[in-house]
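Please read the following report alongside the sequence and the coordinates.

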Amino acid sequence: MIRRPFILAVAITALFSTSAFAQNLSPKAQYAYDTKQASTRYADDKKLCAEESSSKARMQCLRDAKGEYDQAIINAKAAQKAGNSYASQPSKQPQHQICADCGKVLAVNVAEKAGEGGALGMIGGGVAGALLGRQVGGGRGKDLATLAGAAGGAFAGKQVEGHMKNSKVWTVTVQYETGAKADFAFDQDPGLAAGDLVRNSGNGIARR
C-alpha cells in the first residue's frame, strides 16, 4: 500500500474546494478533470515510490500506484457514461400549458328572477275590475267607476300573472387559468359547486 499522508491530505482539501466546480461540469469535461486528477496523483505516487529503501519495496509501490491509477480511470469512464445517459433522457415533467378555455368555479349564486305579466293577465284583470266597478254608484259615476275598475284590474292582473311567472336563476362565477373571470347564468341548476373544474362549451360551460 502506498504511504502518502501528506499527498492524501492535499487531495482531500482539493476535493472539498473543487466539489462545487465539478458538479457544474458536463460529462466530457468531468471525465477530463477526473483523468487529470488521476494522472497527478499517479505522478506523486511514483515520486514517493522512488524514496523506498529497497528495490522490492519500490516495485511493489509502483504496482500499487499503477493499480490505483487504472481504477481511477475506470471510475472516470463509468461516471462519464452515466452522465451522458442522464443528459440524454427527456424531461419527465413537461411545463404546464395554459388552457385559455379552462377554469375553476369560484362561486354559485341563486337568485329570484321576477316574471312579467302579459296581455292575458291585463285582459282578465281589466274585465274583473270593470265588473266590480259597475256595481258602484249610478249614471256618470257608474261609468267612471267602471273605467277605474278596469284600469286597476288590468294592473292587478298583470302583477298577479308576473308573480306566478317568478323563477330562479343560477349565476356561476368562473376564473380561467389566464386569470380572467366570467359569469354564466342558468335557468336550471347546473349541478356545479365552488372548486369544480370547467371549460367553455358553446356559449356556456361544462365540467371537465
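Which residue forms a disulfide with Cys99, and how many Å apart are their sulfur atoms? The partner is Cys102, with the two sulfur atoms 2.1 Å apart, where a disulfide is taken as a pair of cysteine sulfur atoms within 2.5 Å. The model is a predicted one, in which local features need pLDDT of at least 70 and side-chain atom pairs count only at pLDDT 80 or more, while totals for chains, interfaces and linings use all residues. Residues are numbered from 1 along each chain as its sequence is written, and side-chain values use heavy atoms, with hydrogens and water left out.

| Pair | S to S distance | Angle about the S-S bond | Handedness |
|---|---|---|---|
| Cys49 and Cys61 | 1.8 Å | -75 degrees | left-handed |
| Cys99 and Cys102 | 2.1 Å | 60 degrees | right-handed |

Cys49 and Cys61 are both buried, as are both Cys99 and Cys102, where buried means under 20% relative accessible area, exposed means over 50%, and partly exposed falls in between, using a 1.4 Å probe and protein chains only. Numbered in sequence order, the bonded cysteines of the protein pair as 1-2, 3-4.

Helix H3 also contains Asn84, which counts as partly exposed because its relative accessibility is 40%. The C-alpha atom of Asn84 is separated by 8.3 Å from that of Lys28, although the two residues are 56 residues apart along the chain.

Strand S2 (residues 167–176) and strand S3 (residues 181–186) run antiparallel and are joined by 6 bridges, pairing being assigned if DSSP finds at least two bridges between two strands. Thr171 has Ala185 in S3 as its bridge partner. The hairpin of S2 and S3 has 4 residues between the strands, and Gly179 takes a positive phi near 100 degrees there.

The largest nonpolar core consists of 8 residues, namely Val105, Val172, Val174, Tyr176, Phe184, Leu192, Val198 and Ile205; such a core is a set of buried Ala, Val, Leu, Ile, Met, Phe, Trp, Tyr and Cys residues joined through side-chain atoms within 4.5 Å. S2 supplies the largest share of this core, 3 residues. The contacts of Val105 (heavy atoms within 4.5 Å), not counting residues up to four places away in sequence, include Val172, Leu192 and Val198.

Terms used
Helix = DSSP H or I, 4+ residues; strand = E, 2+ residues; numbered from the N terminus.
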